[in-house]
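Biologist: I have a model open and would like to learn how to read it. Could you walk me through a few features?

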Amino acid sequence: GGGVGGGGGQGPVGRDDSPRCRHSHICSGRRACIPVGDSLGCITDVRVRQQRVQSAAQWAWEGYRQWAWGQDELEPMARRGMQWMRLGLTIVDSLDTLLLMGLEREYEEARAWVAFNLTLDQDVSVNLFETTIRVLGGLQSAHFLSGGDEVLALHARELGLRMMTAFLTPTGIPWSDVNLLTGEARGPQWDDHSSLSEAGTLALEWAALDAITGQDVFGKLAAKAVEAVLAGGWRDGLPPMLVHPNSGAAPDHAGITLGARGDSYLEYLLKAWIVGGKSNSTLLAAYTDAMRGVRQRLLRRTAAEGLLFVGELSPGAATKAGRDVGSASTPDCDIGCEGSGSGNSTSSGCGDASGISCEGGGGDGIDAGSRSHNDGDSNDGTNNGSGGDSGGGDDTGSGNGSGGSASASSGGAGTVKPKMDHLVCFLPGLL
């Protein structure tokens, strides 16, 4: 039996000595599944697993329903609701999940709230990216899964119209925030730039609006934003995490990351190519170039055990094609490559088939002293009854709230820092 290990702190199981088994307790072999407490990982029957997952979703839903109904999110430890967009975020974001799980009673009460209580003409500024993937995407996916619910379609259309003004910029790159009542669009309070995700993670939902409304308007707005980002000619196909809506240029303080504010842009290049019938060769080429850039500049191995990780580049490395990195240095490479004088070598050295190299492909400095980095996301997720990010959206609600950086070294321009808070959705293309 090749079950899945059940967590809970047990050590290596059987003869599996892989890093996955040692660190995550997900092991292979005859004795892989040793129950520890009530471990879902040890359940191999498909029907039983489905029932357990469904029960967990019901438990989370009931916690939200009891303590935060109608508000955006549940603060699980305080057992109270909190407002962010004032759009019943958890309800709308969970519509498609409730349908997929066959939770008909829960879906009907959620749909009724949307029909009679969701109000979009509010004097509130919302983040275009978050509202698109959570609210607009939630309405759309439930519309399609329900067989064409027109109430959901009307709300989706109205929301799209209210957010369109964010795209009225010289480049087509939208402002990050837009007021649903006045249409006033602006950058965030802490900066006047839009993040890469805010510029490039809109194509699927806004194209779906065209399909729902029969109007060939919305999808073009999101497509133009992506074109403006691609026009930057970024080195190795890796745009920095911030761009300005008026110029498309990146600020000096913007680095390159596959974590928050950057990852979903690359994810949507591939998805938009697939959803568009695999006809847009520009999107596929941009995705392919970026994955080559990730291999060459962001992929590293730890010195001690040779564990593969995706890092991020500090400000100073986000240069245009053909330009030098500038102040980036090339120190001895303490990441376990052959000839580095430290750690274990990889199976085929720095020049292996995955394209990993000590030099980072362009003289980028490497900070091997860092352990992890966190963007300061503060969502509580689904812990202790929160509905959390259970609906059809993205990876943006997964932050652990620790804030700041746990890096042991600040590094200089072009430094590669380990990035552990997001396991990227497009790794098949990478590996």
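Biologist: Which residues line the largest cavity?

Modeller: Some ground rules come before that: this is a predicted model, so local features need pLDDT of at least 70 and side-chain atom pairs count only at pLDDT 80 or more, while totals for chains, interfaces and linings use all residues. Residues are numbered from 1 along each chain as its sequence is written, and side-chain values use heavy atoms, with hydrogens and water left out.

Modeller: A cavity is a set of points, on a 1 Å grid over the protein atoms alone, where a 1.4 Å probe fits but cannot get out; lining residues have an atom within 4 Å of a point. Here the lining is L196, L238, P239, I256, T257, L258, G262 and L266.

Biologist: What is the volume of the largest cavity?

Modeller: About 40 Å³, where volume is the space filled by probe spheres set on the points, joined across faces, edges and corners. A search of the whole structure finds one cavity of 30 Å³ or more. Its lining has six nonpolar residues, two polar and no charged.

Biologist: Which residues touch the most other members of the largest nonpolar core?

Modeller: A nonpolar core is a set of buried Ala, Val, Leu, Ile, Met, Phe, Trp, Tyr and Cys residues joined through side-chain atoms within 4.5 Å. Buried means under 20% relative accessible area, exposed over 50%, partly exposed in between, with a 1.4 Å probe and protein chains only. In this 38-residue core, look for L87, L95, V114, V135, L139, M163 and W206. A second, separate core of 27 residues includes L196 and L238, and both of those also line the cavity.

Biologist: What is V114 in contact with, leaving aside its neighbours within four places in sequence?

Modeller: Contact means heavy atoms within 4.5 Å. For V114 the partners are I91, V92, L95, L139, L152 and H155.

Biologist: Is T132 buried or exposed?

Modeller: Buried, with a relative accessible area of 0%. T132 lies in helix 5; helices are DSSP runs (H or I, at least four residues), as are strands (E, at least two), numbered from the N terminus. Beyond neighbours within four places in sequence, T132 is in contact with G137, M163, L202, E205 and W206.

Biologist: Where does D236 lie?

Modeller: In the loop between helix 9 and strand 7. Phi of D236 is near 55°, a positive value in a residue other than glycine. D236 is partly exposed, at 28% relative accessible area.

Notes: On a 1 Å grid over the protein atoms alone, a cavity is a set of points where a 1.4 Å probe fits but cannot get out, and a pocket is an open set with protein on both sides within 12 Å along at least five of seven lines; lining residues have an atom within 4 Å of a point. Ala, Val, Leu, Ile, Met, Phe, Trp, Tyr, Cys and Pro count as nonpolar, Asp, Glu, Lys and Arg as charged, and the others, Gly among them, as polar.
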